[in-house]
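Let's take a walk through a protein model together. Have a look at the sequence and the 3D view first, then read on.

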Amino acid sequence: MLNERLQILVSAEQRLRLEEQARLAGISVGALVREAIDAHVGAPTLDDRRRAFTAVTAMRGRYLSPEELEALGDDERDRAAPAAVPS
Amino acid sequence: MAFFVDANVIIYAATAGPYHEPCVEILRAISEGTAAGRTSTAVIEEVWHVELSGKAGDISGLAENAHTLLAPLLAVDHETVAAAFALPGSPLGANDRIHVATCTLNGFDAIVTADVDFDHARGLRRVDPLDQRALRRLLAP
């Protein structure tokens, strides 16, 4: 039930973005803002977080140095780069 | 004190090695709500990439669990990218610049990371997970 009124100030640029996004989605600006609130504030519960923490810390992955981790990200970008076109 | 959590903190909490214990403590404090650590969509993408590469062993589900643990994530949008482009030259790579811009736009002045490249990020203090004193200050309720 929508019975709470919330008045907020946004910048002109934010308003334009909201209106454009709402137009693309075929919904009202109000509906878009409500969706954003649900997506952003519908955070997991404390139990959800604890379960996630337990799952993460039960993992026993292999150590990679900070340099190796950095290189791993670079590798993917190198692979994704298009091959040079011969002139 | 609010701080930004880099991808390596999440990965090290799930892998063996010298960073494991302090990174577990960081995530424990965040999961219990006693520390204000936040991260972004870009960081979760990095974690996911490492997970899927298989190079850090079996860490299946790490990105998804990190997403739950650290929700809501900070957004990376056109404003973030514009701020990243405007950063002065430094040895930081593209994704790291996105992280610096995310910190700036969200008012964070500290990033927890093992990546020493962030020492070059102006206006941002790097806290190394192995720096026990700095970490204690950061995690103090």
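Leaving out residues up to four places away in sequence, which residues does B:Ile10 touch? The answer is B:Val5, B:Val47, B:Leu62 and B:Ala66, where touching means that the C-beta atoms, placed from the backbone, lie within 7 Å. Keep in mind that this is a predicted model, in which local features need pLDDT of at least 70, side-chain atom pairs count only at pLDDT 80 or more, and totals for chains, interfaces and linings use all residues. As for names, residues are numbered from 1 along each chain as its sequence is written, while chains are lettered from A and ligands numbered from 1 in the order in which they are written.

B:Ile10 is also one of the residues with the most contacts inside the largest nonpolar core, along with A:Val56, B:Ile11, B:Val47, B:Leu62 and B:Ala66. That core has 50 residues; a core here is a set of buried Ala, Val, Leu, Ile, Met, Phe, Trp, Tyr and Cys residues joined through C-beta atoms within 7 Å. Helix α1 of chain B (residues 7-13) gives the most to it, with six residues. Buried means that 20 or more other C-beta atoms lie within 10 Å of a residue's own, with 12 or fewer for exposed and partly exposed in between. In chain B, 46% of the 141 residues count as buried. In soluble globular proteins, nonpolar side chains tend to be buried together.

Now follow the chain itself. Chain B holds seven helices and four strands, taken as DSSP runs (H or I, at least four residues, for helices; E, at least two, for strands) and numbered from the N terminus. The order is β-α-α-β-α-α-α-α-β-β-α.

The four strands make an open, parallel sheet, ordered β2-β1-β3-β4; two strands pair if DSSP finds at least two bridges between them. At the edges are β2 (37-38) and β4 (125-127) of chain B, each pairing on one side only. Two bridges link β1 (residues 3-5) of chain B to β2(B), and B:Phe4 sits opposite B:Arg38.

What about the helices? In chain B, α3 (residues 41-53) packs against α6 (residues 94-106) at an angle of about 145°, their axes 9 Å apart. Axes are lines fitted to C-alpha atoms over the stretch in contact, and angles run from 0 to 180 degrees between N-to-C directions. The contact uses B:Ala42, B:Val43 and B:Glu46 from α3(B), and B:Asn95, B:Ile98 and B:His99 from α6(B).

One last stop: a cis peptide bond joins B:Ala71 and B:Pro72, with omega about -5°. B:Pro72 lies in the loop between α4 (62-69) and α5 (78-85) of chain B.

Note on methods. Contact = placed C-beta atoms within 7 Å.
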